[in-house]
Amino acid sequence: MRNGEKSFLQSVRDSALYKNPVLFEAVGVAPVAAMAVSLKSAIMLAAVSCAELVLIELFACLALKKVPSHFRMVIYAALGVGINIPFFMFFERFTPNEANAAGIFLPLLAVNSLVALHCERFAVKNTLKSTFTDAVAAAAGYAFVALIVGLLREIFGSGTVYSLDLELPIQLKGFLMPFGGFLLLGFFAAAVKGILRKKSPDAHPEQAFSMKEISQSHIGSLKSLLDADFNPYDETDAAGQDAREKPKKAKKATAPKKAKRKAETAKAAKAAKAEAKPASLQADAPPADGEAAPTRPRRVPREDYLSDFDEMLTELDLYKQKQQDTAETPAAEPETAPAAEEQEASDE
């Protein structure tokens with residue numbers, strides 16, 4: 001039990017530091033910069049945000065995995081309103097000054113982007129135990145930043161701590177404004193990043209969003225789109241096959257229908273392209289006898305589909321530029337035959 005507790009606390013600590021939602025993921029920054037101007041307001045912000053994050057993320061893991069994503073967003077907002085109302089009534093009764101100072105940002109916490117991000121990225125894809133760990137870690141990281149920023153802004157901006165006067169000779173009122181909050185957050189993020197990099201040189205807290213967290217289904221869809229549908233030249237080799245075609249595994253019974261649909265689409269695209277081109281550009285001259293047909297170097301497919309996509313965009317730009325240069329080149333004027341000029345001179 002002790003080892004399990006240690007592992008849980010360690011995972012929470014690592015997630016709260018290396019993937020801090022405010023400092024490194026830049027999520028929920030606006031409420032911290034605008035609302036956390038004192039320790040009391042920071043406590044309000046931390047309490048509401050942590051309650052919403054933990055409760056809504058657990059509910060999403062238990063009941064919303066099979067619900068479409070656009071419906072889930074509405075449910076997150078409705079749950080956020082239901083959780084926010086009791087907190088708002090409590091703070092209005094016992095801390096009216098801080099609740100009024102928070103303004104519109106306290107009700108707006110019902111639609112906090114931090115909740116939707118963690119629910120969509122983690123809660124609907126993992127188990128209840130992992131979801132609870134992620135929710136507690138994100139809530140702890142958010143509350144830590146909100147409390148520290150609120151305390152520092154109250155000390156430097158108002159010269160007080162929890163409404164107790166410190167009698168400081170200088171008060172920097174700029175820290176109580178939103179730009180002061182953003183400025184303090186920037187220095188805070190740089191300081192925490194420097195400490196983490198010094199302690200763990202291999203750590204990269206700025207890379208909080210990892211490509212591994214993207215759904216594998218989305219990656220598969222994008223790779224199939226790049227491999228099958230995107231062909232900037234729309235050319236085929238001598239065997240009549242696409243130059244970018246690769247050996248594929250046997251597909252289901254729907255494969256012939258898809259292949260027929262793709263063939264019809266490619267045929268229609270070629271016909272439209274041929275009609276749009278000038279007559280002089282509709283067909284290239286056939287190669288002479290014994291001369292090999294010009295071919296383009298084949299692009300080697302890679303597992304890094306982002307680099308693959310960038311390379312294809314570059315090829316497409318070069319192809320468009322070549323077509324524009326060809327269209328803008330003026331046709332050469334026919335020269336008058338010398339014999340015709342001599343005949344005209346003799347007639348005169």
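Phe156 is partly exposed, with a relative accessible area of 41%; the classes used here are buried for under 20% relative accessible area, exposed for over 50% and partly exposed in between, with a 1.4 Å probe and protein chains only. The structure is a predicted model, in which local features need pLDDT of at least 70 and side-chain atom pairs count only at pLDDT 80 or more, while totals for chains, interfaces and linings use all residues. Residues are numbered from 1 along each chain as its sequence is written, and side-chain values use heavy atoms, with hydrogens and water left out.

Five aromatic pairs are found in a search of the whole structure. Rings of Phe, Tyr and Trp (its six-membered ring) pair if their centres lie within 6.5 Å, and planes under 30 degrees apart count as stacked, over 60 as edge-to-face and the rest as tilted. The ring centres of Phe156 and Phe175 are 5.7 Å apart and the planes stand at 35°, so this pair is tilted. Because Phe156 belongs to helix H8 and Phe175 to the loop between strand S2 (164–165) and H9, the pair ties together parts that are 19 residues apart in sequence. Helices (H or I, at least four residues) and strands (E, at least two) are DSSP runs, numbered from the N terminus. One aromatic cluster is formed by Phe87, Phe90, Phe91 and Phe94.

The largest nonpolar core comprises 50 residues, and Leu23, Val32, Leu45 and Leu185 have the most contacts inside it. Such a core is a set of buried Ala, Val, Leu, Ile, Met, Phe, Trp, Tyr and Cys residues joined through side-chain atoms within 4.5 Å. H3 gives the most to this core, with 13 residues. Beyond residues up to four places away in sequence, Val32 touches Val22, Leu45, Tyr142, Ala146, Val149, Arg153 and Leu185, where contact means heavy atoms within 4.5 Å.

Helix H3 also holds Glu57. Glu57 is buried yet has no salt bridge, and the nearest side chain of opposite charge, Arg121, is 7.9 Å away. A salt bridge would require a side-chain nitrogen of Lys or Arg within 4 Å of a carboxyl oxygen of Asp or Glu; Lys and Arg count as positive and Asp and Glu as negative, while His and the chain ends are not counted. The contacts of Glu57, leaving aside neighbours within four places in sequence, include His118, Cys119 and Asp134.

Cys119 is buried at 0% relative accessibility, and Cys61 is buried at 6%. A disulfide is a pair of cysteine sulfur atoms within 2.5 Å, and the whole structure has zero disulfides.
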